[in-house]
Amino acid sequence: MNLLSIQFWLVVVLALALYYITPQKYRWCVLLLVSYYFYSLSGYKNFVYILGTTLTTYFGAQGIDKINQHKSKLSKRRNKEEYDVLHRKARRILITVLLVNFGVLFFLKYFRMPAGIVRMFFPESELFLSWRALRIIMPLGISFYTFQTMGYLIDVF
């Protein structure tokens with residue numbers, strides 16, 4: 001969708017109207033849905049990546065927040081062992097989500113290079129599938145939203 005098109009500006013006006021008539025508690029939902037709508041215009045395959053990042057970050061942050069709430073009720077000096085166990089659980093969640101999301105980012109951005117090198121030296125090798133055979137398209141702004149969501153997750157931790 002072109003930024004100078006009437007269709008774009010109609011969607012923006014509609015989004016603003018929805019935003020301001022929605023109760024303040026749920027305005028973030030309007031922004032999220034409108035953002036998803038605009039992002040999905042680039043293709044449904046790209047939408048899978050942003051949705052996956054959103055879901056892993058959301059559930060990871062929820063898990064870490066529950067652990068942090070439980071930790072805050074404990075006295076660090078009296079229940080040091082239980083506090084340490086909870087901290088390790090939160091750290092495991094953080095590391096898992098970071099690895100998953102940065103793993104997807106790394107794969108999408110850097111798979112072409114090793115695949116090309118292997119194909120160059122071993123043209124008959126099936127060790128790496130060709131990039132075209134996988135039909136993977138680099139999603140728009142994947143680095144930006146991956147680093148933003150991971151920054152949020154680290155803040156929650």
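Predicted model: local features only at pLDDT ≥ 70, side-chain atom pairs only at ≥ 80, totals over all residues.
User: Why is asparagine 101 called buried?

Analyst: Its relative accessible area is 4%. Buried means under 20%, so asparagine 101 qualifies. This residue is found in helix H4, residues 80-110.

User: What is asparagine 101 in contact with, leaving aside its neighbours within four places in sequence?

Analyst: Asparagine 101 is in contact with Gly52, Thr53, Thr56, Thr57, Thr146 and Met150.

User: What makes H4 roughly antiparallel to H7?

Analyst: H4 and helix H7 (residues 142-156) pack at an angle of about 170°. Angles over 145 degrees count as roughly antiparallel, so that label applies to H4 and H7. Their axes lie 11 Å apart.

User: Which residues of H4 and H7 meet, and how do they divide into nonpolar, polar and charged?

Analyst: From H4 come Leu94, Val97, Leu98, Asn101, Phe102, Leu105, Leu108 and Lys109. They meet Ile142, Ser143, Thr146, Phe147, Met150, Leu153 and Ile154 in H7. The contact divides into 11 nonpolar, 3 polar and 1 charged.

User: How do you know that the span of H1 is close to the expected value?

Analyst: Helix H1 (residues 6-21) has 16 residues. At 1.5 Å a residue, 22 Å is expected from first C-alpha to last. H1 reaches 23 Å, which is close to that.

User: What puts the buried residues of H1 on the same side?

Analyst: The buried residues are Phe8, Val11 and Ala15. They cover an arc of only 65° around the axis, so they sit on the same side of H1. Helix H2 (27-40) is included in what covers them. The face turned away carries exposed residues, among them Ile6, Leu10 and Tyr20.

Definitions and conventions
Residues numbered from 1 in each chain as written. Heavy atoms only, no water. Helix = DSSP H or I, 4+ residues; strand = E, 2+ residues; numbered from the N terminus. Expected span 1.5 Å × (residues − 1). Buried < 20%, exposed > 50% of the residue type's maximum accessible area, 1.4 Å probe, protein only. Arc of directions from axis to C-beta. Contact = heavy atoms within 4.5 Å. Axes fitted to C-alpha atoms, helices over the stretch in contact; angles between N-to-C directions. Parallel < 35°, antiparallel > 145°, perpendicular 65-115°, else oblique. Nonpolar A, V, L, I, M, F, W, Y, C, P; charged D, E, K, R; others polar.
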